[in-house]
Amino acid sequence: MTQLMTFENIREHESLSMYRDTKSARKVMMKEIKRVIEANPIFRGRLEFPIVKGERLRRLINQSLNWQHMQCEDPHQNPAIDTLFVDHVCDPQPSQTISYQSPACSVKSSLSTVAQYASRIGGSFPAKNPATKVIEDSDVLSKRMPIVTVDEVTSTITDHGQNHISELAISKDLPSTVIRTLNEGSSPVSMDFHPVWLTVLLVGTSAGEIGLWDVSCGGKMVARNFNVWDLGACSMALKVALEKDSHVSVNRVLWSPDGFLFGVAYSKHVVQLYSYIGGDELDQILEIDAHLGGVNDLAFSSPEGELLVITCGDDRTIKVWDVVSGNRCFTFEGHDAPVYSVCPHIKDNIPFIFSVSTVGRIKVWLYDNLGDRIDYDAPGLGCTKMAYSADERLFSCGTSKGGESYLVEWDDTVGCFKRVYKGLGPNPLSAVQFDITRNQLLAAGDDHMVKFWHMDNTQLLKAIDADGGLPANPHIRFNSDGTLLAVSSSGNQIKILANANGLDLLQGCGNDSIDASGVESETSRKNGNVAEVNSKTTGEATYGEKAWETIERPSQCQSLQLCADVKRTKISKLIYTNAGDAILALTSNAIHLLWKWPQNDLSSSGKATTKVQPLLWRPTSGLQLMSNDLSSTNPEETMPCFALSKNDSYLMSASGGMISLFNVISFKTMRKVMAPPPAATCLAFDPRDNNVVAIGMDDSTIMIYNARLDKVTNALAGHTKRVTSLAFSTSMKSLVSSGADAQIFVWNADEWKIQKSKALQIPDGSKLRALLQIPDGNKLRALSDSDTHVQFHEDQLHFLIVHKTHLAIYEVKELGCVNKWVSDSSEPISHATFSCDSQTVYASFVDGTIGIFDASVLVLCCRIKPSAYLPADISYTVYPLVIAGHPQKPTQFAVGLSNGEVHVLEPLESEGEWGILPTVKRNLESSAPAKTTFQGFLYE
C-alpha cells in the first residue's frame, strides 16, 4: 500500500496496469470467482437455477387464494384473483346467500392433500419399501400424470346451478325392483357383497351371527354363531366382559379386496378373520383381542403389498394388524372419544387412514408412529363414515347427536365441502348408513326408504320404499358392479333389489350355485365317445368334453425351436411382428429377443415358417440387445409388458421399472418415461395414431400417453386392482381394459370416458381351489389370480377374455357374453389368443398341453400334448407361459416357455389345418341351432 501511494497514477504499477474503473474491475473479479466456484467438485451440477413451469406457479397462486377464500364469512363463486394483492374478502352479495356453511371453513387445520403434507415433513414414512417415496416436485409428477392448468380459481362452495341430469336415464340404473327376500334369525346390522362372486352376500346380525347367502337362489350357504376360538389366549378384560354379559353383536363385516378373506368386528373386544373360497366351509384364520370395549369398524389395506387389517374401537384407538402373523404393526392414539369408523386410502402413492370419532372429529394418519397429521370436524359433529368412490372422489355421511344428517362430497385437496346433498330427514335414533356404486350413484337408508343421488347433483334423485317394511334407517349395500342392492328390513329380513342387469345376472346364475356340490359335470352328459356339444345352446362348454383329436407325437405336426446364444429365463411376453416375418419375445430378466426369418429358397416370402431357422437379430451398429430397466425391481414380482407399433418400427416395453421406447430397427433406446411407482403392467398402441399409447398401471389407473408430446394427456380411473390387459377397437372407437379385479371396462377412445363395465363371473370356490392347486390348509397364501387377458376379434365387435379358469367371447356394445368355455380339468389356462382370422382360439395350459378351439362355439377340437413339440428329456415342469398367433397364417402359432425357449408350431402340410374328429364335425353341424343365448343376451 505504501508503494502505491508514491505513484501519481496507480495504473503505473504492473499488477494494476489493466485496471480501468470500479465497474469493470468487479466484472473481472466476478468472472474469476465464478470460475473458481465452478471448478470446485462440491458445487458441480448444483449451480443452475431450477426451471419453474408456469402451471406450477399458477397452482401455488390458486392454492393461496383457495386458502384465503376459506376464511371468508360470506364466500362466493369464482373469487377474483386480483384480490390476492390485499387481504382477500368477498364483496357482500345479499341476493346470493349461502344456506349452509361448512364447519371446515373455521377449523384450525385444513385438509390439504396428505401427499402435499408428506412432502413437507419428508422422511417420516417407514423405510420398509424403498419404492414408496414422496414426490416433492410436481414437475417430476408430470412425467406420469396429466398436467391440468387451472385458468380460473373456483370456489369450493356448492354450485346450485348445476347442469340438469336426465332423471329418466339414470333411473334405469337404479336397483329398485325387489326380487328376493332373505330371512335372518336376528336383525341384520352389517352386510357386504363378495367383490368377485356378485351374488354372494355376507351378513352380520345383532345376535352375533354371521351368514353367507347366495342371493341368486335365496339360499343360506354358511351360518356361524359367535364364540371365542381360544378363550385361554384372551385378555382378562374380555373374560370379565363376557361373564358380566354374554351377549355379543356384530358391528361390521367386510370382504378383503381379493375376496378370499373376510373380517368380523364384534361389540366386545374381538375381531375374527375367516377365509372362504366356495362351498359351505369357512376356515378360521385369525382371532384378535383388538380393543377394550367394542370394535366399531374394520378395513383392509395393502400399503406395501402386504395385506393389513385396520380396526378402531371404544378405547379411542386405531390399530393396524398384519393378517398373516396377527402382529400389531401400529397403534394410533389421539381421539378424545370412541372411534366410530376408519377409511384407508392411497393417493399419489402415499398410504393414509381417515378416522372419525363419535363426536365427529376427523383425523388423518400415516403408517408410522408420529401421531395424526390432520385434525378437523365432520359436519354435524356426530357419527360419520367416509368412503372413496372408484374415481377417487371422497364422500361422507353422518348424523349429529341432535338427529341432523349430512351427506357431503369433500374436496380433499383443501379440506372443505364441494357438495352438500339435500333430502335427508331428521334421524334422532341412529346414524344414517350410505354406500357408493360404480355408476355414479349414492344411496342412503333414511326415513324408512332408500334414497338415491347422482354424484354430480345435490338434489334427491329418487326415493323408494322397497315394497314397505323398512326400518327408520335401513342398512344398505351395493354389489361391486351396482346391479344389486341389499337392504335390511323389519322382521329380521333382507331385501335384494336389482336393476335390469341385476335380473340378468340372477337369471344367469340361477342354475349355477356357488356351492360346488351342486355343479353338474359335463362328463356325465356324454353320449358314447362323443360329448353333447352344449356350447351352441347354452354358450358354455367344458374341458371334460373329450371328443377331440389328440396330437402326441412329433410326426403329427411341424414344430421348430428358435435358437439363441443368449442366457434366458422364462418368456414373459411373445408377439409376431405385423409383417409376419419375425417374432419378438420379452424374457423375465428384461431382455428382448428378436428372431427374423431370411428370404431364401425354402422361404421365398421371408415369412415365419417351421422349415427355416430364423436368425437372432443384432444391429450392425454393435449396440446391445434391447433391455428394460430392472434397477429397482424384483423380476419375480413384476408384470412385464410391451406393445409394438403397427409399422413394426417402435416398441414400448417395461419390466417393472421405467417404460422404454425402442427403435426396433436400430435397437436404440429413444426415451425412458414414467418412473415407478406406479409401475406399468400392460401397454397398447392406439391403431389410429402410433403416437398414442394406453398404459395400464399396477395402481389400477390407465394413462393415455402421447409420445410426440412426451406427456400424459388423460388418466382413467375405474379398476380397483392392477390393470392386466388393454385392447383397442377401431370400428367401435373404444378401448377395452381388464384387471386383476375381474372387471371389464369399455372406454370411449375419443373422450376417454367409461361407456360400460361388467364383472366377470369367476367359477365357484371349489373349482378355483382345484385349478390353483391350493391345499385346504394353506389358507392365507391362496391368491385370487384374477389376472385377465383381452384380445379383439377380427370383426372388432367382439373380444376374447382369458382367465385361468375359463375362456369367453364378449360383444363390445352391451358386454354380453356370447360363448364361454370353463376348464373342468385340474390345470389352469396360462394364456390364449385368436388366430389371425379369428376362427380359432389357441390356448396353453400349465400341464404343457395346447388346446385348439373352434372360436365360433368355443368347442375344443384338437389337443396337442407336450410330447409332440418338446424334447423327451425336458423337465415335466416346463410349460407355455404365452402364446401368439401368426398375423397372416391362421394355422401357425408360437409358444414361449417357462424355461426361456420359443417354439413355432404348424399342422402337417398333408393336413393343411389342425385336425378335428369327423364325429365332432358332424355333431357341430347337426346340433347348431339358429340362435344362441347366454345370460339373457340373444344373438343370431
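Colleague: Why is D348 called partly exposed?

Modeller: Its relative accessible area is 37%, and partly exposed means between the cut-offs for buried (under 20%) and exposed (over 50%), with a 1.4 Å probe and protein chains only, so D348 falls in the middle class. Bear in mind that this is a predicted model, where local features need pLDDT of at least 70, side-chain atom pairs count only at pLDDT 80 or more, and totals for chains, interfaces and linings use all residues. Residues are numbered from 1 along each chain as its sequence is written, and side-chain values use heavy atoms, leaving out hydrogens and water.

Colleague: What makes K268 and D245 a salt bridge?

Modeller: Their side chains meet at 3.9 Å, N to O. The term asks for a side-chain nitrogen of Lys or Arg within 4 Å of a carboxyl oxygen of Asp or Glu, so this pair qualifies.

Colleague: Which parts does that pair tie together?

Modeller: K268 lies in the loop between β7 (261-266) and β8 (270-275), and D245 in the loop between α7 (236-244) and β6 (250-255), so parts 23 residues apart in sequence are tied together.

Colleague: And how do you know whether K268 is buried or exposed?

Modeller: K268 has 13% relative accessibility, so it counts as buried.

Colleague: Why is R393 called buried?

Modeller: Because its relative accessible area is 14%. R393 also meets D391 in a salt bridge at 4.0 Å, N to O, and D391 is partly exposed at 27%. Both belong to a network of salt bridges that also links E409, K418, R419 and D456.

Notes
Helices (H or I, at least four residues) and strands (E, at least two) are DSSP runs, numbered from the N terminus.
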